Amino acid sequence: TFLGKIFSRHYNSMDLNGYISFIKFGLKRYKLPYLCLLKALITEMATVNYRGNLSKSDIELRTGENLLNFDNRIKIDNCEEFNFSTKGRYLQMLLLKDKTAIEILTCLDHMLQLNDASDPDQLDEIRFTFITICDFLSRVEITNLSPLQLINDLHFSLPSATRISRRPFKELQGLSPKEVPSELFGRFWSYSSKDFHVPTAKYNEIENQFNIRIEQSDDQEFKDSLIFVKEQLSISMEKQKKRVDQIRKEINSKHWFSPRHLINSIYTGFVNHCIFPRMMFSQEDARYCALFIFSIAHFTDFELGTFNEFFTKKLHFLILSATFEESRCIGLFLSKLLKYNRERFSESELHSRLIEKFQILLTHSNNSEFLTKKTIIVLDLISKDFPKSKEHEDSLSNLLEDLDSAQNQSISTQIKSYFTNRMVKVKKREMKKNSIFNHQNNKEEEETEYEYEY
């Protein structure tokens with residue numbers, strides 16, 4: 001952090017290019033301390049820092065068109081830096097020079113693929129740095145290579161390649177395994193949350209922040225700049241709304257899951273080659289997977305109950321091999337899946353499958369503090385909707401109480417926190433349910449429009 005601050009303050013009088021080369025040299029030898037130097041440099045010079053464990057507000061921010069960039073700019077007080085992002089652009093130029101950025105990203109992705117699970121925090125930190133770089137360079141072309149070229153020539157994983165190089169879905173269809181319809185595969189990997197959900201409230205929140213800054217500013221030049229950027233914010237929101245509507249029209253009535261004799265193969269392939277790898281990459285991607293599932297459940301022949309079956313088959317193995325951040329990704333996706341299954345015929349079966357998996361995990365986690373913590377992380381994130389039946393609640397409570405008495409203080413604290421959070425969430429859900437019921441009874445003549453979460 002100290003070196004990051006020094007280079008950020010004196011970037012135009014120091015050998016920043018040499019410092020980046022020094023960092024790249026260390027990363028090519030898979031030396032983790034250089035990871036910290038790189039992330040601190042980007043954080044200090046460009047105010048971009050992906051740290052994981054996102055709040056709902058953080059995820060909404062990342063769902064808007066360039067909303068992260070608007071949010072960063074509203075925090076800048078210096079007029080010149082606001083208009084030209086001098087430090088950020090200079091760092092950007094050096095990272096794009098001589099393919100430096102793609103070389104660094106290649107090193108980071110290879111480090112992820114080595115998958116040294118002995119230190120899961122390190123794996124998470126590598127991925128956080130990877131996403132930080134992609135966030136910082138999101139408005140420029142990092143490379144002219146296609147995802148296929150990145151995978152074949154530089155050996156990137158599919159989630160990393162598609163994050164670095166965004167291409168139309170037709171260019172990704174050639175990567176599809178034979179079990180998954182090529183159009184489904186291409187669209188899944190080419191889209192992001194921005195293509196299915198417009199975070200209107202977040203746009204309005206940032207617009208209000210611009211209005212406050214405009215009103216407070218005494219510098220007319222700075223005020224004019226703020227007004228111009230605020231107008232760009234409105235244009236971005238309208239552009240995103242049109243794209244979301246267009247994509248919904250494009251996928252409407254698609255028959256990707258129809259051939260009955262291939263249904264097992266299609267759902268298995270879709271879960272293994274699409275949902276699992278992307279869901280585990282980041283919480284933003286986990287949210288995207290949930291949005292994609294929700295959308296195709298509404299507009300195509302996709303069957304939610306069938307998906308639940310194939311998704312939960314390997315769920316316990318997925319949690320077993322996950323890092324802490326990946327556990328949060330699983331929990332986030334599951335929380336959305338449980339929400340989408342509320343009051344559906346598939347809800348009871350999904351809950352039965354989940355209790356079976358958590359019983360396996362908690363029964364075999366006595367000798368693994370790491371597994372216990374990950375399992376509770378997932379349970380905490382889905383505690384609003386799961387468990388629902390008293391039988392499942394009692395079973396889970398007994399298993400957790402047994403672990404509480406057998407494990408150390410940190411596990412005991414985590415378990416107590418889970419029960420407290422669960423109680424609060426259930427009370428809030430019941431209050432909301434009663435409020436909606438009373439509202440419907442008291443307003444017989446007035447129709448209320450509810451916006452579905454896409």
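Reader: Is Lys-384 buried or exposed, or something in between?
Author: In this predicted model, Lys-384 is partly exposed, because its relative accessible area is 34%, and the term covers values between buried, under 20%, and exposed, over 50%, with a 1.4 Å probe and protein chains only. The model's local features need pLDDT of at least 70 and side-chain atom pairs count only at pLDDT 80 or more, while totals for chains, interfaces and linings use all residues. Residues are numbered from 1 along each chain as its sequence is written, and side-chain values use heavy atoms, with hydrogens and water left out.

Reader: Where is Lys-384 found?
Author: Lys-384 sits in the loop that runs between helix H22 (369–381) and helix H23 (390–406), where helices are DSSP runs of H or I with at least four residues, numbered from the N terminus.

Reader: And which residues form the positive surface patch with Lys-384?
Author: Lys-56, Lys-428 and Lys-432 form the patch together with Lys-384; patch residues have over 30% relative accessible area and no salt bridge, and like charges are joined within 9 Å, the place of a Lys charge being taken as NZ.

Reader: Changing topic, how many salt bridges are there in the whole structure?
Author: A search of the whole structure gives 26 salt bridges, each being a side-chain nitrogen of Lys or Arg within 4 Å of a carboxyl oxygen of Asp or Glu.

Reader: Which residue does Lys-373 pair with?
Author: Lys-373 forms a salt bridge with Glu-369, and their closest N and O atoms are 3.0 Å apart. The two are 4 residues apart in helix H22, so about one helical turn separates them. Lys-373 is partly exposed at 22% relative accessibility, and Glu-369 is also partly exposed, at 32%. Elsewhere, salt bridges with shared partners join Arg-62, Asp-135, Arg-163, Arg-278, Glu-284 and Asp-285 into one network.

Reader: What about Arg-328, which residue does its side chain meet?
Author: The side chain of Arg-328 meets that of Glu-325 in a salt bridge of 2.7 Å, N to O, and both residues lie in helix H20 (residues 324–340), 3 residues apart. Glu-325 is buried, with a relative accessible area of 4%.

Terms used: Patches are made of residues with over 30% relative accessible area and no salt bridge: like charges are joined within 9 Å, nonpolar side chains (Val, Leu, Ile, Met, Phe, Trp, Tyr) within 5 Å. Accessible areas come from the Shrake-Rupley method with a 1.4 Å probe; for residues, only the protein chains shown count as cover. Lys and Arg count as positive and Asp and Glu as negative; His and the chain ends are not counted.
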